[in-house]
Amino acid sequence: MIANQLDKAYEPHEVERRWYAYWEENQLFAAKEESPQPSYSIVIPPPNVTGVLHMGHALNNTLQDILCRYRRLRGDNVLWMPGTDHAGIATQNVVEKKLAAEGKDRHQLGRGKFIEAVWQWRAQYGSAIINQLKRLGASCDWRRERFTMDEGLSRAVRQVFVQLYEEGLIYRGDYIINWCHRCHTALADLEVEHEEHAGHLYHIRYPFPDGSGGIVVATTRPETMLGDTAVAVHPDDERYQKIGAQTVILPLMDKEIPIIRDSYVDMSFGTGGLKVTPAHDPNDFEIGLRHNLPRVKVIGDDGRMTSEAGRFQGLDRFRCREEVVQALKQENLLEKVEPYQHSVGHCYRCKTVIEPNLSRQWFVKVKPLAEKAIDAVKTGQTVIIPAMWANTYFDWMHNIRDWCISRQIWWGHQIPAWTCEGCDEIIVAMEAPAVCPFCKGHNLEQETDVLDTWFSSALWPFSTMGWPDGTPLLQKFYPTSVLVTGFDILFFWVARMMMMGIHFMGDVPFKDVYVHALVRDEEGQKMSKSKGNVIDPLTIIERYGTDAFRFTLAAFAAQGRDIKMSAKRVEGYRHFINKVWNAARFSLMHLDRGYQAIQSERLSLPDRWILSRLHQVTAAVSEALDSYRFNDAASELYKFVWHEFCDWYLEAIKPVLYEKEDPGHKEATLGVLWRVLRDTLALLHPFIPFVTEEIWHQLPGTNGSIMTAAYPSAGTDAARIAADKDAEAQMALLIGIISGIRNIRGEMDIAPSRSLAVTIQTHHANLRETVEGQRNLIINLARLESLTVGDHMERPKSSATVIVDGATIFVRLAGIIDFTKEWERLEKELNKLAADLATVSRKLDNADFLSKAPAQVVAKVRAQQTRLLEKQRKLQVNLERLKEAET
């Protein structure tokens with residue numbers, strides 16, 4: 001007999017530090033290019049170098065780690081490629097704030113010194129998120145960690161830019177872009193966050209030159225009218241079929257602009273007239289192209305009005321709005337102003353209201369790239385899971401616009417394009433040219449803009465593996481097996497990786513894309529600092545341990561359903577970790593060696609049953625993980641460990657372990673116990689790696705880390721651990737009988753120490769045979785003093801009855817309970833429940849409460865009513881049972 005090898009209580013923090021260090025020291029996360037084993041690869045969605053671990057990171061990386069640990073146990077050669085993103089705008093903002101606190105700004109330093117300052121910041125703080133991922137248990141191959149600005153990835157970025165430019169897929173042009181005046185840079189459409197604003201709709205009259213009337217247009221941005229170059233009406237709009245005028249007077253600017261006909265105009269909106277400002281609206285820009293309209297830029301890149309705005313030059317854009325409105329009123333050209341709820345775009349970083357602005361930028365012509373990426377999903381080369389996200393992907397890809405890839409900041413990949421001052425030609429090259437190939441001039445100036453952060457991220461699946469070189473790593477692990485991601489970057493990142501991967505590698509970057517949901521608070525609200533409902537993963541880990549946190553995330557990670565997270569839920573799964581620990585601790589007290597062989601001929605019914613259940617659960621967990629149903633896999637394991645292995649099997653075999661009966665079967669039972677514990681640890685390991693590693697090293701007969709163990713289905717005794725339907729049916733009957741007796745004990749408030757007399761009546765010979773054969777099991781687990789079994793049994797006087805699977809169970813209560821006192825107790829509880837229910841019902845019948853109270857408060861009251869009704873039902877059942885038993 002082994003003395004206790006596990007501490008009485010599981011304390012996670014020291015265990016987590018020790019085993020993570022062990023895994024790293026022994027390179028257990030390492031992928032091997034030369035391995036003959038099947039390849040399985042995942043590239044981590046690179047967190048921003050500025051980032052700290054939040055709930056989204058925690059869920060995303062926990063799911064990836066579960067998959068990687070699972071596939072290693074299955075024998076795959078696993079590469080989980082780690083790294084971080086340079087996060088251009090975000091990182092520059094952080095460093096600029098640091099400089100501001102020191103009384104400096106980037107312009108004082110100059111570009112070179114500022115870039116040095118960012119690299120210094122990255123060296124000092126950039127590893128914080130990586131260390132936090134390690135705290136989460138992430139089993140990335142850290143030796144291969146990449147950074148989107150490291151030399152290898154920078155070379156890949158230049159190669160892609162040059163090739164796309166040479167193929168005519170990158171161009172420079174004037175276009176309407178989203179401009180942030182605070183960050184002084186262009187933003188891609190996906191970097192603009194739209195929020196509903198309570199604004200105003202201004203109805204402005206544009207007079208005909210002869211004063212005979214005019215066209216009224218409506219706008220939410222009256223300051224942009226200063227740059228109008230036309231008024232448009234629909235060609236089919238009967239209201240404008242017979243107007244004689246060809247032009248209108250642009251209010252406040254006193255100049256004529258044309259009236260044009262364009263089918264884009266919505267005839268049902270207002271008067272059907274549309275002001276056209278090609279320099280400040282993307283739709284107007286397209287109209288301007290069709291009608292060859294001039295582009296007048298009246299709002300500068302600094303957010304102030306330009307000289308083109310006339311007397312309003314120099315005003316801030318919002319101050320200009322006020323001045324324009326006042327001027328229109330004075331000239332009696334403002335017909336009316338009405339409240340208007342509309343969506344306003346904001347910079348995703350600094351939250352400044354963005355301005356659609358005309359600017360000279362670099363673009364990727366994406367439609368040719370998008371067509372192949374659409375086809376790859378349609379044909380199943382890449383499968384998006386859940387499938388509903390495929391439709392969203394298609395919608396976006398079919399309506400994709402050219403991608404603005406230039407950013408007016410300093411931190412990032414500087415665009416590899418040079419302009420010759422002698423001939424104005426642009427040279428795009430991998431390295432800085434010494435001489436202009438067109439005029440042989442030597443005065444060449446590099447483009448100051450940098451590339452959008454997402455440009456380098458789009459190359460992540462192949463650039464991290466060494467592309468453009470054909471490395472063994474790339475040949476072994478590309479395309480990757482799965483991408484695990486949130487839906488919020490399905491377009492920012494996933495679609496662009498699809499386009500780039502197919503174009504440069506000739507194959508999709510990943511076979512599956514698993515899109516997980518959001519982690520919300522316990523009320524289902526999105527977490528935000530302003531709401532004060534943010535749950536810090538590191539705080540949760542510190543309080544409950546990493547394994548409890550990971551298992552909680554997995555248990556609630558249902559496809560297509562957001563996770564409602566709370567500390568209470570993690571605390572609940574901390575109890576599960578303790579249950580695993582205590583079950584192992586008890587088992588290890590009886591195991592002194594590895595029991596490799598299962599002695600099939602000497603197995604008891606509980607032994608056969610638990611082996612059959614292990615077989616079923618192993619298959620169910622594997623199938624669930626292969627289908628990305630993490631919650632189903634976690635649920636199967638939870639039920640098996642807690643409600644089958646611990647609640648029933650360990651309790652059933654205690655008499656055997658303590659040699660109170662069947663001493664000859666002890667050896668066989670120890671073999672089963674060892675095997676079930678060993679396999680259960682392996683099944684649990686992907687979810688709760690730390691506690692399983694700790695227990696594994698105390699289990700006799702194991703070698704090395706649990707990470708190198710064989711998955712249960714591959715065990716040497718797999719053939720002997722198969723489904724045993726007969727054992728499962730017999731145990732289901734016994735569990736039903738014992739549970740029925742326990743329920744009566746609980747309902748009648750009978751102390752566990754009181755032994756009961758039970759009679760079981762059944763006309764089925766096979767049921768009687770099972771009950772008689774397992775008489776001792778029932779007596780031990782139900783705590784009986786006697787058990788009588790027959791086919792024609794009289795119902796004993798003063799007994800409670802329960803029916804289970806063709807068997808009627810009578811529990812004798814005479815001398816066990818005082819019927820009068822129990823009757824009074826139940827009546828008292830029912831009266832109190834009736835009063836509580838009346839209070840709750842009054843609230844729910846109150847229309848004011850239902851209309852004015854917050855939705856979560858109403859939901860809580862409804863849940864309280866449901867709980868009270870269920871309790872009332874149970875007490876009424878108990879009362880009826882008591883009446884029956886007394887007769």
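Colleague: Angles under 35 degrees count as roughly parallel, over 145 as roughly antiparallel, 65 to 115 as roughly perpendicular, and the rest as oblique. With that in mind, how are helix 2 and helix 19 set to each other?

Modeller: They're oblique. This is a predicted model, by the way. In it, the axes of helix 2 (residues 55-73) and helix 19 (residues 605-626) cross at roughly 125°.

Colleague: Which residues make the contact between helix 2 and helix 19?

Modeller: From helix 2 you have Ile66, Leu67, Tyr70 and Arg71, and from helix 19 there's Ser622, Leu625 and Asp626.

Colleague: How many of those are nonpolar, polar and charged?

Modeller: By class, this contact has 4 nonpolar residues, 1 polar and 2 charged.

Colleague: Okay, zooming out. How many helices and strands are there in the protein?

Modeller: 28 helices and 29 strands. The C-alpha atoms fill a box of roughly 110 × 70 × 55 Å along the principal axes.

Colleague: And what percentage of the residues count as buried?

Modeller: 54% of the 887 residues. As for contacts with a separation of 6 or more, 77% of them come from residues 24 or more positions apart.

Colleague: Let's go to Lys297. Where does Lys297 lie?

Modeller: In the loop between helix 8 (282-291) and helix 9 (317-330).

Colleague: What does the side chain of Lys297 pair up with in polar contacts?

Modeller: Two things to point at. One is the side chain of Asp301, joined to that of Lys297 by a polar contact of 2.9 Å. The other is the backbone oxygen of Leu358, 2.9 Å from a polar atom of the Lys297 side chain.

Colleague: Which residues does Lys297 touch, leaving out those up to four places away in sequence?

Modeller: Leu358 again, plus Ala279, His280, Thr306, Glu308 and Asn357. Also, Ala309 is 12 residues from Lys297 in sequence and 8.3 Å away in space, C-alpha to C-alpha.

Colleague: Now Glu193. Is Glu193 buried or partly exposed?

Modeller: Partly exposed, because its relative accessibility of 34% sits between the 20% and 50% cut-offs. Glu193 is in strand 7 (residues 192-207).

Colleague: Which side chain does a polar contact join to that of Glu193?

Modeller: Lys351's, at 2.8 Å. Skipping residues up to four places away in sequence, Glu193 touches Val344, Gly345, His346 and Tyr348 as well as Lys351. If you want a C-alpha distance, Val217 is 24 residues along from Glu193 and 27 Å apart from it in space.

Colleague: Where are Pro386 and Pro468 placed?

Modeller: Both in loops. Pro386 sits between strand 15 (383-385) and helix 11 (388-398), and Pro468 between helix 13 (460-463) and helix 14 (472-477).

Colleague: Why bring these up at all?

Modeller: Because most peptide bonds are trans, and most residues other than glycine have a negative phi.

Colleague: Then which residues have a positive phi without being glycine?

Modeller: Ala87, at about 50°, and Lys440, near 65°.

Colleague: Buried or exposed, those two?

Modeller: Ala87 is buried because its relative accessible area is 4%, under the 20% cut-off. Lys440 counts as exposed because its value of 56% is over 50%. Ala87 is in the loop between strand 3 (83-84) and helix 3 (88-101), while the Lys440 loop runs between strand 19 (426-428) and strand 20 (444-446).

Colleague: Last one, Thr669. What is its relative accessible area?

Modeller: 0%, so Thr669 is buried. Thr669 is in helix 21 (residues 666-684) and touches Asp607, Tyr649, Ile653, Val656 and Leu657, with residues up to four places away in sequence left out.

Note on methods. Residues are numbered from 1 along each chain as its sequence is written. This is a predicted model: local features need pLDDT of at least 70, side-chain atom pairs count only at pLDDT 80 or more; totals for chains, interfaces and linings use all residues. Side-chain values use heavy atoms; hydrogens and water are left out. Helices (H or I, at least four residues) and strands (E, at least two) are DSSP runs, numbered from the N terminus. Buried means under 20% relative accessible area, exposed over 50%, partly exposed in between (1.4 Å probe, protein chains only). Contact means heavy atoms within 4.5 Å. A polar contact is a pair of N or O atoms within 3.5 Å; within protein, one must be able to donate a hydrogen and the other to accept it, and residues adjacent in sequence count only if both atoms are side-chain atoms. Axes are lines fitted to C-alpha atoms, for helices over the stretch in contact, and angles run from 0 to 180 degrees between N-to-C directions. Ala, Val, Leu, Ile, Met, Phe, Trp, Tyr, Cys and Pro count as nonpolar, Asp, Glu, Lys and Arg as charged, and the others, Gly among them, as polar.
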